[in-house]
Amino acid sequence: MNFELQKWKLEYIADVARYADNEKIAANLRNVFPYPYTRQDAENYVRSCAENTEERQLCRAIVAEGHAIGSIGGFCGSDVYEKSAELGYWLAEDFW
């Protein structure tokens, strides 16, 4: 299956709500990733990524067949963590 990384679009909210509501995904991410994952969680996440200035973080939707099936992002630390960074991702279980 082919996939591409795209800037986040509001049209991906339903995809995120569908695929991110997975206990197996949440178990492998930081506590900030909730389970159960609600549509409001998806809306908040997609909006924050779509509206981000990309100054300290860069997030992309992992898209296959026109649907967001995951997310990948790089996050630069600040303050006492300014010399650190985090790379994180999640992928819908159907695509593991």
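## The largest pocket

The largest pocket has a volume of about 540 Å³ in this predicted model. Its lining comprises 22 residues. Those that lie nearest the centre of the pocket are Arg-30, Val-32, Phe-33, Tyr-45 and Phe-75. Two or more lining residues are given by each of helix 3 (39–50), strand 2 (57–64), strand 3 (67–76) and strand 4 (85–91).

When the lining residues of the largest pocket are sorted by class, 13 are nonpolar, six are polar and three are charged. Rolling a probe the size of a water molecule over the atoms shows where empty space is left.

## Packing of helix 1 and helix 3

Two packed helices are described by the angle between their axes and the distance between the axes. For helix 1 (residues 13–20) and helix 3, the angle is about 125° and the axes are 8 Å apart. Helix 1 is therefore oblique to helix 3, as angles of 65 to 115 degrees count as roughly perpendicular and those over 145 as roughly antiparallel. The crossing of the two helices is right-handed.

On the helix 1 side, the contact is made by Ile-13, Ala-14, Val-16 and Ala-17. These residues meet Arg-39, Ala-42, Glu-43 and Val-46 in helix 3. By class, this contact has six nonpolar and two charged residues, with no polar residues.

## Backbone features in the loops

Most residues other than glycine have a negative phi, and most peptide bonds are trans. Tyr-35 and Pro-36 are joined by a cis peptide bond, with omega about 0°. Pro-36 is placed in the loop between helix 2 (23–26) and helix 3.

Glu-54 is not a glycine, yet it has a positive phi of about 65°. The loop between helix 3 and strand 2 holds Glu-54.

Methods
Residues numbered from 1 in each chain as written. Predicted model: local features only at pLDDT ≥ 70, side-chain atom pairs only at ≥ 80, totals over all residues. Heavy atoms only, no water. 1 Å grid on protein atoms, 1.4 Å probe; cavity = no way out; pocket = protein on both sides within 12 Å on 5 of 7 lines; lining within 4 Å. Points joined across faces, edges and corners; volume = space filled by probe spheres on them. Helix = DSSP H or I, 4+ residues; strand = E, 2+ residues; numbered from the N terminus. Nonpolar A, V, L, I, M, F, W, Y, C, P; charged D, E, K, R; others polar. Axes fitted to C-alpha atoms, helices over the stretch in contact; angles between N-to-C directions. Parallel < 35°, antiparallel > 145°, perpendicular 65-115°, else oblique. Left-handed = near helix turned anticlockwise from the far one by under 90°. Contact = heavy atoms within 4.5 Å.
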